[in-house]
Amino acid sequence: MGKKIRIAIAEDHQLMRQGMVALLSEEEDLEVVFDVGDGAQLLEKLETNQVDIVLLDLDMPIVNGQQALKVIVKKF
């Protein structure tokens, strides 16, 4: 087995987030590194966790997905 694809999930609806984690965790070549409920938590976690893919909800509280994406593009 090769290197796993590392994924972060940012979704404010907990049930949706849990479902995505459960589905993705079944795949051997995928690893959900973390999941969070808003963009501020996402940006904080990205400071200390390297991921390959971010599944990003655009409509979230505190820092929405569009704002978070702008920071991700510039910083990460």
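I began with Glu47, which is partly exposed at 45% relative accessibility (buried is under 20% relative accessible area, exposed over 50%, partly exposed in between, with a 1.4 Å probe and protein chains only). This is a predicted model, where local features need pLDDT of at least 70, side-chain atom pairs count only at pLDDT 80 or more, and totals for chains, interfaces and linings use all residues. Residues are numbered from 1 along each chain as its sequence is written, and side-chain values use heavy atoms, with hydrogens and water left out.

I placed Glu47 in the loop between H2 and S3; helices (H or I, at least four residues) and strands (E, at least two) are DSSP runs numbered from the N terminus. What does Glu47 meet in a salt bridge? I found the side chain of Lys75, at 2.4 Å from N to O (a salt bridge is a side-chain nitrogen of Lys or Arg within 4 Å of a carboxyl oxygen of Asp or Glu). Lys75 lies in helix H3, so the pair ties together parts 28 residues apart in sequence. Lys75 is exposed, at 52%.

I counted 3 salt bridges by this rule. One of them joins Glu31 and Arg6, with the closest N and O atoms 3.6 Å apart. Glu31 is in strand S2 (residues 30–36) and Arg6 in strand S1 (residues 5–10), so this pair links parts 25 residues apart in sequence.

I also looked up Arg17 and Asp35, whose closest N and O atoms are 2.9 Å apart in a salt bridge. Arg17 belongs to helix H1 (residues 14–25) and Asp35 to strand S2. Arg17 is buried at 13% relative accessibility, whereas Asp35 is partly exposed at 36%.
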